[in-house]
Number of protein chains: 4
Amino acid sequence: MSSAETSDALVISSDPLHPANLIPELCRSFYKLGWVTGTGGGICIRVGDKVFIAPSGVQKERIEPIHIFVLPYPQVAPSPHTDRVFLRRPAMNLKESACTPLFWNSFDLRNAGSCIHTHSQHAVMATLLWDGPVFTISHQEMIKGVRIAGTGAALSYLDTLELPIIENTPNEEDLKDSMAEAMVKYPNAAGVLVRRHGVYVWGTDWEKAKTQTECLDYLFEIGVKMKLAGVPTVLN
Amino acid sequence: MSSAETSDALVISSDPLHPANLIPELCRSFYKLGWVTGTGGGICIRVGDKVFIAPSGVQKERIEPIHIFVLPYPQVAPSPHTDRVFLRRPAMNLKESACTPLFWNSFDLRNAGSCIHTHSQHAVMATLLWDGPVFTISHQEMIKGVRIAGTGAALSYLDTLELPIIENTPNEEDLKDSMAEAMVKYPNAAGVLVRRHGVYVWGTDWEKAKTQTECLDYLFEIGVKMKLAGVPTVLN
Amino acid sequence: MSSAETSDALVISSDPLHPANLIPELCRSFYKLGWVTGTGGGICIRVGDKVFIAPSGVQKERIEPIHIFVLPYPQVAPSPHTDRVFLRRPAMNLKESACTPLFWNSFDLRNAGSCIHTHSQHAVMATLLWDGPVFTISHQEMIKGVRIAGTGAALSYLDTLELPIIENTPNEEDLKDSMAEAMVKYPNAAGVLVRRHGVYVWGTDWEKAKTQTECLDYLFEIGVKMKLAGVPTVLN
Amino acid sequence: MSSAETSDALVISSDPLHPANLIPELCRSFYKLGWVTGTGGGICIRVGDKVFIAPSGVQKERIEPIHIFVLPYPQVAPSPHTDRVFLRRPAMNLKESACTPLFWNSFDLRNAGSCIHTHSQHAVMATLLWDGPVFTISHQEMIKGVRIAGTGAALSYLDTLELPIIENTPNEEDLKDSMAEAMVKYPNAAGVLVRRHGVYVWGTDWEKAKTQTECLDYLFEIGVKMKLAGVPTVLN
């Protein structure tokens, strides 16, 4: 690792809206929502050609700016012959989030500026009660807070929200291809559910990724409540 | 926009009870209650001839006083020929809350000093399990925290609480007429539920609007629990 | 009101454990637990011959020390011919908590040093699912956190917890006699449930009142969950 | 008690990661999760030959560093003829946590560096709905956050998580032998559930004990939800 790579310059800022400050703050907030307990889940932020990503396997509510990785964008996926490229790595024994290739899908396929991954139980319960390949719900005001493809125009109250559900894999990285396939097959979806695991949601920036994750999590939660109460979740 | 309109004088105050300070604080608190996630919901405060309103489509838990709109009261509803009038607008690319015409109903029809809109799941579940035009519950202590018409005397424990439920519309503004009709038809109701959407609650001031919203949200929540448990929600 | 009665000396202290500081702090904490929303519920603390009580009908999470009433103990119950006696009243248009006569029961009949009243939905749901005159649960570790009569020795894991349930009345003050009767009839109970309303719990001091309220609220919550899941709540 | 034993030197530190600072901070956080209400539950931390333990029967969210006990490790279990040995005791009328012998099991049998005990309702409900001697769940991403034996390698998504359930006893100390037996019988388990009581979870350090407790609590919660919704909790 070069000394440049361990420099703190890319992650130390007095601006509370700097990605390296936002990621720790948002992760603390997500922890309180039950989205990132037990080291799971997280958020990445891309600003132009720089991607800010949290470490893997750490308590997400205790991340500090100096723990943040910075990667150049674009770059080809790492392979047996090529390593992932970094602009900055923490000077500790840390590894970048295992979600990195999944976050990359949102950049490559949707030009997203931020992607959030949660282990919310509402998302997981939705994948258990909707046992097919897609979660659907209609006629809920919160649908209006979700955008077409996550980065387009807002959905209407009259639109039926559809979110693909992919099957989980033992290694998080191995979700990359099936997530990409689902994004191609469901070009209007603002996220991808992973059965028995959680959800990925993206947006053009961190605000839109966060508010859409909130709307979708709300829809998973109320969808599950409705289904358990015997209320239809899609109206014709 | 005139320079007067962008002045901060109407929204900058060292008094924590100034409406432009209260709205951000209360929205942070409402966010923790799950009432205003995903940019939805909010609160407006009217002090005499001035109405303080938050922007539309922003994270409600991150509003700052400088984001607040100030409107003169009374004023006629905007039409294709007349624009809404402002005393102060944020010097940013923001739009006033889409709830503005609904909040106005509470001023015009009830002389309210504050109106709260939530997307609480308890409210939405209540509108799904009470599928007629009104939510009713009786014999709950928290009914005593709700006032006749939202601005009158407190209800008694022996009163049956009734809250009209109106049908949702694709555009929030289009709820104005049906909400007003419901307020005329149910003159004693302290709020109006919107099916698959949320609730509007008002009071003579922000304290009474807030505490009544808390009482009603409690009643929606326990009403839903009772109904799902097979316990009657209205006693004779 | 004499000037002595409006003096702040009895409620202003730099000691965070002074009752006039504790009551606001604890009420903020109870608000987060859903025990005192909508102005309902609260806590009183008695230190020897002085009783500290919050006002009625105010937002409990926003109480300040200067809002606290101080009453001498003992004193006879107010009647048409005698008023309640105060050592200190807030210099505002406030009334002492409507729970005052109920709190007094805990002092007179149990020599309690603190009494807590909540509108917790777990308590209310327990009074709906246990439709007789008593809530019972056995074989739960948290029973050990409750004391005989609220002020005696701790219950054992092998004891069945019994808490009387009285019927609600339109005026909170009118619960005084039926609460006292229940306390006589169930001399070992650490609290009294009020159907469709909430619970009163007391202890020798504020810590023991608070921790017992936590244990009982836990038992109401898990008792309701067990009953809804078809799990017996009392073992032989 | 010698003066050395009441010295504050072992528990006063400006390092926020010192065990005597961490225990109070973590207990406040656990309180918000509902794990340690009513004085129940807690966490101990062992650093080499020193064990830091909270007092018994106190409000866990209000512990201060000066309340912490420090014990030498290893030491033989106290008996009618030998007392427990301390390096430091609070200069107050406090007793060490009743969980001490249970925490000791995790040190002696797993070489743990930290052990957490919660009264989480999710744990208790799991022991009621899994009425045999073991809680099992499979095919949940959060299983990957749990380690073999609590201190070994991480489980795979394809592993079925198994946690033994022992029967509760009136005195917490009396769980020592049955907990130790369960740890021998289930050598891969990262914790032990206690029916109608809660759970013990350990790890090589406080971070791993905490994140594993979060993962297990998540699995108890979603397992209970799945069972109540009729969804199988173990797949073949």
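Q: What makes Ile12(A), Ile66(A) and Met92(A) a nonpolar patch on the surface?
A: In this predicted model, a patch takes residues with over 30% relative accessible area and no salt bridge, and nonpolar side chains are joined within 5 Å. Ile12(A), Ile66(A) and Met92(A) form such a patch, with about 240 Å² of accessible area together. Ile12(A) lies in the segment before H1 of chain A.

Q: Why is Asp177(A) called exposed?
A: Exposed means over 50% relative accessible area. Asp177(A) has 53%, so the label applies. This residue sits in helix H4 (residues 175-185) of chain A and, together with Glu173(A), Asp174(A) and Glu181(A), forms a negative surface patch.

Q: Why is Arg28(C) called partly exposed?
A: The term covers values between the 20% limit for buried and the 50% limit for exposed. Arg28(C) has a relative accessibility of 38%, and therefore counts as partly exposed. Arg28(C) is part of helix H1 of chain C.

Q: How do you know that chain A and chain C do not touch?
A: Contact requires heavy atoms within 4.5 Å. Chain A and chain C do not touch, and their nearest C-alpha atoms are 13 Å apart. For chain B and chain D, which do not touch either, the nearest C-alpha atoms are also 13 Å apart.

Q: Why is the pair of Asp8(C) and Arg88(C) said to tie together parts that are 80 residues apart in sequence?
A: Asp8(C) and Arg88(C) form a salt bridge, with the closest N and O atoms 2.7 Å apart. Asp8(C) lies in the segment before H1 of chain C and Arg88(C) in the loop between E3 and H2 of chain C, so the pair ties these parts together. Asp8(C) is partly exposed at 36%, and Arg88(C) is buried at 1%.

Q: Why is helix H2 (residues 100-110) of chain C called largely enclosed?
A: A residue is buried under 20% relative accessible area. In H2 of chain C, 9 of the 11 residues are buried, so the helix is largely enclosed by the rest of the structure. Among the buried residues are Phe103(C), Trp104(C) and Phe107(C). The buried residues pack against several elements of chain C, including strand E1 (42-47), strand E4 (114-118) and helix H4 (175-185).

Q: Why is Gly40(A) called buried?
A: The relative accessible area of Gly40(A) is 8%, under the 20% limit, so Gly40(A) is buried. Leaving aside neighbours within four places in sequence, Gly40(A) is in contact with Trp35(A), Lys60(A) and His119(A).

Notes:
Residues are numbered from 1 along each chain as its sequence is written. Chains are lettered from A and ligands numbered from 1 in the order in which they are written. This is a predicted model: local features need pLDDT of at least 70, side-chain atom pairs count only at pLDDT 80 or more; totals for chains, interfaces and linings use all residues. Side-chain values use heavy atoms; hydrogens and water are left out. Helices (H or I, at least four residues) and strands (E, at least two) are DSSP runs, numbered from the N terminus. Buried means under 20% relative accessible area, exposed over 50%, partly exposed in between (1.4 Å probe, protein chains only). Patches are made of residues with over 30% relative accessible area and no salt bridge: like charges are joined within 9 Å, nonpolar side chains (Val, Leu, Ile, Met, Phe, Trp, Tyr) within 5 Å. Accessible areas come from the Shrake-Rupley method with a 1.4 Å probe; for residues, only the protein chains shown count as cover. A salt bridge is a side-chain nitrogen of Lys or Arg within 4 Å of a carboxyl oxygen of Asp or Glu. Lys and Arg count as positive and Asp and Glu as negative; His and the chain ends are not counted. The place of a charge is taken as NZ of Lys, CZ of Arg, CG of Asp or CD of Glu.
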